[in-house]
Amino acid sequence: MADLETIERVKEIDVDKYKYGFKTEIESERAPKGLSEDTVRYISAKKDEPEWMLEWRLDAYRRWLTMEEPDWARVDYPKIDFQDLYFYAAPKTTEGPKSLDEVDPILLETYAKLGIPLKEQELLAGVRKHDEPSQLDDVDGPSYGSGKVAIDAVFDSVSVVTTFKEELAKAGVIFCSISEAVKEHPELVKKYLGSVVPQSDNYYATLNSAVFSDGSFVYIPKGTRCPMELSTYFRINEENTGQFERTLIIADEGSYVSYLEGCTAPMRDENQLHAAVVELVTLDDAEIKYSTVQN
């Protein structure tokens, strides 16, 4: 009875009211369609990863080839053709603009629709560096840069920007993309990556381990309460793609952090594959308040 009631309620939802269902028309680069060892090497090369990370990915891919896709109970969906997907997509980068007037209006419109305040639009668009004053400092209204929330914004397969990294670093907190952490904090990544969700945990976790694109990395030092809320926003924009974010949060002994993860995507007639892995590591007397909101 409860299941039937839920189904009826879902049918009553007006999908046209989903305000995040738009697509951003922006030029992107994608990996060749399909999944092979070459795809894994392509992703690793795009991210300029060290050899140990490439080998970790390849080991996962070879494990995945020996596994069978699960047959989920009470879930009916078309069989996934992994050779008909793009496993990497990213906006083509250009030289950074000097002012908001030079930013592609389509990008500004995207940020506005997603509810990102104007000062942070400067950061996400590459106009202003974190330690530079805003051109809008004299504008009245609420400022996102008040030190309350730091955001890692991920667009398709890449992290666009992570805000307030320098301010967090003063407290010893590391908040960056997982791609940056692989290169800048390899000792932590090697120690904890796969420690909660191993490569061989399940079919989709193993796939994620092979082709994960980007996601957030957080480390809270021993005895530290993170001075602001942390949040990651994932936006899937390209069609016929898979998004495989990887989030790794480590709270050392006696520390605390609050983290919110959100994800939206355009409304499409065809399906898209979203297979994420989140690993939360809490050492003695530590606490992670983790929340996620999707679509």
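**Exercise 1. Name the buried residues of helix H9 and say what packs against them.**

Solution. The buried residues of H9 are Tyr203, Tyr204, Ala205, Thr206, Leu207, Asn208, Ser209, Ala210 and Val211. Buried means under 20% relative accessible area, exposed means over 50%, and partly exposed lies in between (1.4 Å probe, protein chains only). That is 9 of the 9 residues of H9, so the helix is largely enclosed by the rest of the structure. Next, find the partners. The buried residues pack against H2, H3, strand S9 (246-251), strand S11 (273-274) and S12. Helices (H or I, at least four residues) and strands (E, at least two) are DSSP runs, numbered from the N terminus.

Keep the source in mind: this is a predicted model, in which local features need pLDDT of at least 70, side-chain atom pairs count only at pLDDT 80 or more, and totals for chains, interfaces and linings use all residues. Residues are numbered from 1 along each chain as its sequence is written, and side-chain values use heavy atoms, with hydrogens and water left out.

**Exercise 2. Describe how H3 meets H9.**

Solution. Start with the geometry. The axes of H3 and H9 come within 7 Å and cross at roughly 145 degrees. Axes are lines fitted to C-alpha atoms, for helices over the stretch in contact, and angles run from 0 to 180 degrees between N-to-C directions. H3 passes H9 in a left-handed crossing. A crossing is left-handed if the near helix is turned anticlockwise from the far one by less than a right angle, and right-handed if clockwise.

Now list the contact (heavy atoms within 4.5 Å). H3 supplies Trp56, Arg57, Ala60, Tyr61, Arg63 and Trp64, while H9 supplies Tyr203, Thr206, Leu207, Ser209, Ala210 and Val211. Sort them by class: 8 are nonpolar, 2 polar and 2 charged. Here Ala, Val, Leu, Ile, Met, Phe, Trp, Tyr, Cys and Pro count as nonpolar, Asp, Glu, Lys and Arg as charged, and the others, Gly among them, as polar.

**Exercise 3. Describe how H2 packs on H3.**

Solution. H2 (residues 37-46) and H3 (residues 51-65) pack at an angle of about 155 degrees, with axes 10 Å apart. That makes H2 roughly antiparallel to H3. The cut-offs are under 35 degrees for roughly parallel, over 145 for roughly antiparallel, 65 to 115 for roughly perpendicular, and oblique for the rest. The crossing of H2 past H3 is right-handed. From H2 come Glu37, Val40, Arg41, Ile43 and Ser44; from H3 come Leu54, Arg57, Leu58, Tyr61 and Arg62. This contact of H2 with H3 holds 5 nonpolar, 1 polar and 4 charged residues.
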